[in-house]
There are 2 protein chains.
Amino acid sequence: MSDKFQFSVSATDGRARTGVIQTPRGEIRTPAFMPVGTAATVKAMMPESVRATGADILLGNTYHLMLRPGAERVARLGGLHKFMNWERPILTDSGGFQVMSLSGLRKLTEEGVTFASHVDGSKHFLSPETSMEIQRLLGSDIVMCFDECPALPATDEEVAKSMRMSMRWAQRSRDAFGDRPGHALFGIMQGGVTPELREESAEALKSIGFEGYAIGGLAVGEGQEAMFGVLDYAPGFLPEDKPRYLMGVGKPDDIVGAVVRGVDMMDCVLPSRSGRTGQAWTRRGQVNIKNARHADDTRPLDEQCTCPACTGYSRAYLHHVFRSGEMISGMLLTWHNLHYFQELMAGLRGAIAAGRLSDFVAEFEAQRAQGDIEPL
Amino acid sequence: MSDKFQFSVSATDGRARTGVIQTPRGEIRTPAFMPVGTAATVKAMMPESVRATGADILLGNTYHLMLRPGAERVARLGGLHKFMNWERPILTDSGGFQVMSLSGLRKLTEEGVTFASHVDGSKHFLSPETSMEIQRLLGSDIVMCFDECPALPATDEEVAKSMRMSMRWAQRSRDAFGDRPGHALFGIMQGGVTPELREESAEALKSIGFEGYAIGGLAVGEGQEAMFGVLDYAPGFLPEDKPRYLMGVGKPDDIVGAVVRGVDMMDCVLPSRSGRTGQAWTRRGQVNIKNARHADDTRPLDEQCTCPACTGYSRAYLHHVFRSGEMISGMLLTWHNLHYFQELMAGLRGAIAAGRLSDFVAEFEAQRAQGDIEPL
């Protein structure tokens, strides 16, 4: 295993790429989907089960972990990998996004953000420097710059002002990160839906220099069309030889559209969160297992799926345990969803390698167009 | 595999016995502890994980399953084993106990019990005949007679009257069960804490004839001393060559005391229910993982335990995920508890086979007397 953090592209198809990120904790095959392990667990899953779905890397949330159990404690306990029993790579976000979306009273200045914990109301401060320190204490392999993402809707002027502060914070993040061989720091491009601002942001990040580049400020409610609009040009502003990470994406069709447009990494709570609310994702679209039409259905969610939920259980069983509030409902549906997402990524990687991505996308869309199987 | 239901004792040590129940669905090593899979799932566990702890048989609750998803539906879907993905033996209770403890408005007559569902208030009727039919539809391997257990405290006269009706119901259960090769019907001894009533009940059951005999009406709040008092004589009233099943027991020390007194089978929700409320059972007694003293403890629950919770995680992690309300908390603690209970059963079986049960019990008590490990 390499002791370096290194990205190599092995094949391209149009703007899409497939390759491998080498890290001291193992390889990340790209395009990669990262399940979210917010509070040191991918909800409803054992880590070995997450691995069994094909995940090479998890995402951890700095905001949640700094508040509970606390970054210093995680460090004392041997780091996040050991703590949560996941020895492969972990990416942590910077905490900035969750501060904006989850915490109470906030005060934002050039220095950083003061906020109240959603757990107990206690006061905390996050800045580029403290975020770097917390992510170091957690021991994450891929560290994200601390940035700010303005709430939508925002004027061009507000977006530009926020982006420029994020770029100053990116420099401070780079300075605070220091020299950590085997670990990577990713910059985050901002600039909303304005090409000139996206380009300005990309140039600022490239002049600082990062091991990877995220496309931030998307998947925050702007809609797929607007997101794809940005992805039609924004990845092209970033270096070819570094991974490009689209944060917080997404639904299967978002993922396919992003990969086609040159994205290498993504993360989303969707497969796990949906699993706990009775929503399954399949090749043929979304299935709501609480629907009464499944109550007597002896068929699996997806006859072609090889996950434990599909090989061991009928829709009738999944319906019953969801209706009964049984934990195995969330366990099985989350497993299925993560399995499906990882299978989709493996399919995309194989199609890019084989130069047949457009065929793959056409087949993906044709299957979805069929809709869920007919009720018995 | 035998196509018959057959019990053989391979060794005894004092009144304790070890042996095997052969069934068409596999062997049940005795003394056996049966995890409870109330609503077609052992809560927080995948069935293959339950099997991995060493369980040979599960218990299903007729009352819950008849109300949701419904016994006719389970039959249409291929039976309970297929439905819940557990191909090994299943014992179902008769529903009588849960009607008394969980349902709304009840009306008890010689014919049976009319009651209101705790799920939706709908009216249902259970009798020896309907209970046999429901358990047949579920497809259980070991069927329990429909009986009545009087609420405590009760006078001798009330206990005797109830027991005698249960014995009439035992005959009706036997008649309704019919001829089902490979399946077993167990009678249930009642009679409270009165030896004469226990003996009368045992004689009534023996004259009907069953494939196994349960000791009912215990573990309902009478306390361990009173329970052991009954177990000092009651198993002796039952045939030597049939399994003896103590219903609803229990804590590890209840289990040990029952096995010493000649019990072959037990069931209890304790290991799974405790697991979901942050209670762990170990060789050294009970551990409350939500206690703050575990927050920085790098040690496992039990250093000698080989379950996934103990080999993969610190007490600090288990504390964190419990406090954070994460599902993996219940998943890991339930797994640990079931593993510990099955390991205890394996230890008891081995000790009986080796003729060293009293040494085993002394060691069991000495470990518990040490109490939980000291805080770091």
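This is a predicted model: local features need pLDDT of at least 70, side-chain atom pairs count only at pLDDT 80 or more; totals for chains, interfaces and linings use all residues.
Domain bounds here come from an automatic or database domain assignment. By that assignment, chain A is divided into domain 1 (31-267) and domain 2 (275-370). The C-alpha centres of domain 1 of chain A and domain 2 of chain A lie 28 Å apart. Their contact takes 17 residues from domain 1 of chain A and 19 residues from domain 2 of chain A, where two residues are in contact if their C-beta atoms, placed from the backbone, lie within 7 Å. On the domain 1 side, the elements that give two or more residues are strand E4 (32-35), helix H1 (47-52) and helix H10 (252-260) of chain A. Helices (H or I, at least four residues) and strands (E, at least two) are DSSP runs, numbered from the N terminus. H10(A) gives the most to this side of domain 1, with 5 residues. By type, the side of domain 1 that touches domain 2 splits into 13 nonpolar, 3 polar and 1 charged.

Residues are numbered from 1 along each chain as its sequence is written, and chains are lettered from A and ligands numbered from 1 in the order in which they are written.

**How chain A sits on chain B.** Two copies of a chain are related by a rotation about an axis and a shift along it.

**The side of chain A that touches chain B.** Across this interface, 30 residues of chain A are in contact with 30 residues of chain B. Helix H3 (71-76), helix H4 (80-84), helix H13 (315-323) and helix H14 (327-353) of chain A are the elements that give two or more residues to the chain A side. H13(A) gives the most, with 5 residues. The chain A side divides into 15 nonpolar, 8 polar and 7 charged residues.

**H13 packing on H14 in chain A.** These two helices pack at an angle of about 130°, with their axes 7 Å apart. Axes are lines fitted to C-alpha atoms, for helices over the stretch in contact, and angles run from 0 to 180 degrees between N-to-C directions. That angle makes H13(A) oblique to H14(A); angles under 35 degrees count as roughly parallel, over 145 as roughly antiparallel, 65 to 115 as roughly perpendicular and the rest as oblique. A:Leu318, A:Val321 and A:Phe322 of H13(A) meet A:Ile328, A:Ser329, A:Leu332 and A:Leu333 of H14(A). That contact has 6 nonpolar residues, 1 polar and no charged.

**H7 alongside H8 in chain A.** Helix H7 (residues 156-177) and helix H8 (residues 195-208) of chain A pack at an angle of about 10°, with their axes 10 Å apart. They are therefore roughly parallel to each other. H7(A) contributes residues including A:Val159, A:Met163 and A:Arg174, and H8(A) contributes residues including A:Leu197 and A:Ile208. The contact divides into 9 nonpolar, 2 polar and 1 charged.

Most residues other than glycine have a negative phi, and most peptide bonds are trans. The bond from A:Val249 to A:Gly250 is cis, with omega near 0°, and A:Gly250 is in the loop between strand E13 (244-246) and H10 of chain A. A:Asn85 isn't a glycine but has a positive phi of about 65°; look for A:Asn85 in the loop between H4 and strand E6 (90-92) of chain A.

Terms used: Ala, Val, Leu, Ile, Met, Phe, Trp, Tyr, Cys and Pro count as nonpolar, Asp, Glu, Lys and Arg as charged, and the others, Gly among them, as polar.
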